[in-house]
Amino acid sequence: MKDVVLNNISKTYDSGMVQAVSDVSFHVNKGELFGLIGPDGAGKTSIFRILTTLLLPDGGSASVNGSDVVEDYMTIRKNVGYMPGKFSLYQDLTVQENLNFFATIFNTSVKENYDLIKDIYIQLAPFKDRRAGKLSGGMKQKLALCCALIHRPTVLFLDEPTTGVDVVSRKEFWEMLKRLKQQGITILVSTPYMDEATLCERIALIQNGSIMSIDTPKNIIAQFPNHLFAVRSDNMGNLLKDLRKAKIIKSCNAFGAYHHVTFHDDSPEMKEKLMRVLEEKKHTNIELKPVTPTIEDCFIYLMEN
Amino acid sequence: MDTVIHTNKLTKRFGDFVAANEITFDVYRGEIFGFLGANGAGKTTAMRMLCGLSTPSSGTATIAGFDIYKHAEEIKKNIGYMSQKFSLYEDLTVLENIRFFGGIYGLSDRQLKEKSEQLIETLGMKSEGKKMVGSLPLGWKQKLSFSVAILHEPKIVFLDEPTGGVDPVTRRQFWDLIYEAVDNGITVFVTTHYMDEAEYCNRISMMVDGEIKALDTPAKLKQRYSVTSMDEVFYELARGAKRSE
Amino acid sequence: MNNISTFIRKEFLHVFRDRKTLLMLFGLPIVQIILFGFALTNEIKNAKIVVCDYAKDAASQQIIEKLKASEQFEIQNTLLGHKQIEATFKEGQIKMAVVFPANFNNDLLHKNKAQVQLITDASDPNTATTISGYASQIIMDYRNELMLLQDLPYQINTEMRMIYNPELKAAVNFVPGVMSLILLLVCVLMTSVAIVKEKEMGTMEVLLVSPFNPFLVIVSKAVPYLAVSLINLTVILLLSVFVLGMPINGSVLLLYAVSTLFIITALSLGLLISNSTASQQAAMLISLMGMLVPSILFTGFMFPLENMPYPLQLVSHIIPAKWYYIIVKSIMVKGLGFSAIWKETLVLFGMTLLLLVVNIKKFKIRLT
């Protein structure tokens, strides 16, 4: 069963001047946690708005729950949950008031679907009479999720729910999504943070309005074409420059405490060769080890090829 | 080592609320100093005080050798500032933006001409010089606004989440620019939500509930908490945070 | 139906929680009425005038005494000739000169017809009109007294008749004016800003993705402002009756009915603006520059429409506030009934209907 299907969806703005989405096709299976991974301006929000019937595509077709996003928009609006990028809440209404309001406009009550939001709502309960505007970023995010879930949607669209939220809240948020998935809700989530990709079952990497790759995070990593090594030394700045100059190096990117490099040639002696080059350049405490690529490595590779 | 930022028990209170509580630290010349913290930990408040935008309730600090109480205006001349939110005027061209911000810091016409040519050359934006900044991709805007922030060769540049939402390739190019600035003797004071970027810093401070809970090199911090990534360090420290935003 | 009531309740919460705006909403009419009533009044008191009396007879002296006695005028000087008058005007110290020709009394008594010349400084046309109005009123009074004494058809030529507002009380003009402005401000500005705010905050996105009828979203936003407007209307009427002493001569019920129609006109305008703008600033700017300023200019209570060039008079026809202003004056001041204002009401009704149709046609069920 496919809950979300996109066939060759395109969208332009400013009468064709800006191509936001070009020829995007993918599907999301029932009960799947699917991630749309890409930087700002990649077209994530446009895709979400097309799927939630807020925008008309210029070309292609799409359906949610088997309903067409253009023809059957009213059916879709009854059955999906949507949390836009700027988690939409009424800042001047209290937690309780926000929740009740969203329950009512979806023709339901908080009581009716309380079991679904219980886990999240318990954390909000101490603040139930506080205005949404006075909540912390993490709490706002939780409240917005509750509001999007209150009518027990079959498909949940979350547009960059973790942007601008700190590491601790992000971690908690992904825990919540996992639990929701167990309740059988199909979730489509977008994020600019590459490290969140591995938390999804399947992902689509998107850049400049086009999908670069769709698969499970594991398979995408397995498709990385070269052996990947992590290098470090005492002077990381110079190391980066020297690595870029080395002829045997195919790619070199800073990756936190290490630089990630690939060689043009994946033969085992390359490692030795590089060590010699770096020692010649007077690098000290050199560490060179093979590593498994991350989604970010794959994203960079796909962007550059 | 030259100290470019020195703070001693710097505190900011808003009524009963202590936004920043007795912050004491030094930043040395040519350093990349990472200023991390959970949402609402007091980062923005602290940064505003350091930039001379807000007067502390108590404590002392000198920035680039100037006292923050007495010489706020001198401080502003000697620092650069860039944030994710405010960067450049979208409805001015690249060159107009460069001229405007250069002009604010008192660069002469000749300097401006020279610098702006040099700048768009290094950024590889020669053909975009006359384009509106609004029409550029986000990554380019961020690179350009960083370059503009250091156009007047400040002693310190403050970067507030400079790479939010930028693609991974551009993010790295951005850090290349930071390294280059450091090579030219500029001290970089940066906040970020990307924990891999925290690793690029020479030293990191972690703010929790208005106080600096940890300050060290990334390697030593990881060692102290027996973890392998900055992500985990952050989690260990911020998990117990009582307040947020 | 339960849905709509929740929605409307939420809108009321928004209005009542924004204390500053709330204060402005209810404070503004009071401040305006008091400002216009006591500070910005264009009633004239102690205007400096000169008299040039060629006649120096009983009639001219009596009229001069009357002018002296009135609180509107303060006679500066008695001049000898026309040349002096011109010079005095140039100095800019006086507002009006009253000239009695020689043989004034004689003409009046024997030819039953006499002339008085009123010269006013027309560089300030409003004051000039008002002042000469006062003066001719006083002269008319004198003539009427004469006629009571001797039943002869005396005539003094300063033809200016003022009805309904014989003392030229300013309140008659500005109370209906302030009413139309306040209602416009609340309904057009507040409604459009409130709707656009939902767009800006992103909550509109969520509302659109809900099964709730999007048009009702908009309609329920208008309800609190309708309520606020009716309260404001009541406050203004109470102030004008009890503080300014300006009675409501016509039917209060009719006044409320027509005001409700005008409020709906204004609300539809607010909806139209919110439909075509994406930011609160844009909505505010369009409401102020596009609605409020033309309404101040073309309603007729600040600047008399009759003095405007014909093309501008035509422009004034499309300003809803102008029609409302006429209706309110007719009901409040003249005490007229529906039969006297049905034309203006029909115009307002037509405008409202048109605006609503355009709104429904333009309404978007999606973004952009």
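This is a predicted model: local features need pLDDT of at least 70, side-chain atom pairs count only at pLDDT 80 or more; totals for chains, interfaces and linings use all residues.
**Entry 1: a loop residue in chain A**

I started with A:E71, which is exposed, with 11 other C-beta atoms within 10 Å. My cut-offs: a residue is buried with 20 or more other C-beta atoms within 10 Å of its own, exposed with 12 or fewer, and partly exposed in between, the C-beta atoms being placed from the backbone. A:E71 sits in the loop between β5 (67–68) and α2 (73–79) of chain A. Helices (H or I, at least four residues) and strands (E, at least two) are DSSP runs, numbered from the N terminus. I also checked A:E71 against A:T53: they are 18 residues apart in sequence and 9.5 Å apart in space, C-alpha to C-alpha.

Residues are numbered from 1 along each chain as its sequence is written, while chains are lettered from A and ligands numbered from 1 in the order in which they are written.

**Entry 2: what UniProt says**

I looked up chain A and found "domain: ABC transporter" listed by UniProt for residues 4–233, in an unreviewed entry. UniProt positions are in the numbering used here, feature names are shortened, and annotations may be inferred rather than shown by experiment. In the model, that span is 31% helix and 29% strand, and its end C-alpha atoms lie 47 Å apart.

For chain C, an unreviewed UniProt entry lists "transmembrane region" for several stretches, including 254–273 and 340–360. I found residues 254–273 of chain C to be 100% helix and 0% strand, with end C-alpha atoms 29 Å apart. Residues 340–360 of chain C are also 100% helix and 0% strand, and there the end C-alpha atoms are 32 Å apart.

**Entry 3: one helix in chain C**

Next I picked α13 (residues 320–332) of chain C, which has 13 residues. From first C-alpha to last it reaches 18 Å, close to the 18 Å expected at 1.5 Å a residue; the expected span is 1.5 Å times one less than the number of residues. Twelve of the 13 residues of α13(C) are buried, so this helix is largely enclosed by the rest of the structure. Among the buried ones I noted C:W323, C:Y324 and C:Y325.

**Entry 4: who touches whom**

I counted 27 residues of chain B in contact with 26 residues of chain A. On the chain B side, α6 (168–183), α7 (195–198) and α9 (230–238) each supply at least two residues.

For the other pair, 21 residues of chain C are in contact with 23 residues of chain A. α1(C) gives the most to that side of chain C, with seven residues. Chains B and C do not touch, and their nearest C-alpha atoms are 17 Å apart.

**Entry 5: the cores**

Last, I looked for nonpolar cores, meaning sets of buried Ala, Val, Leu, Ile, Met, Phe, Trp, Tyr and Cys residues joined through C-beta atoms within 7 Å. The largest has 138 residues, and A:C146 and C:L183 are among those with the most contacts inside it. Helix α7 (residues 171–201) of chain C brings the largest share of this core, 18 residues. A second, separate core has 82 residues, including B:M82 and B:F158.

Definitions and conventions:
Two residues are in contact if their C-beta atoms, placed from the backbone, lie within 7 Å.
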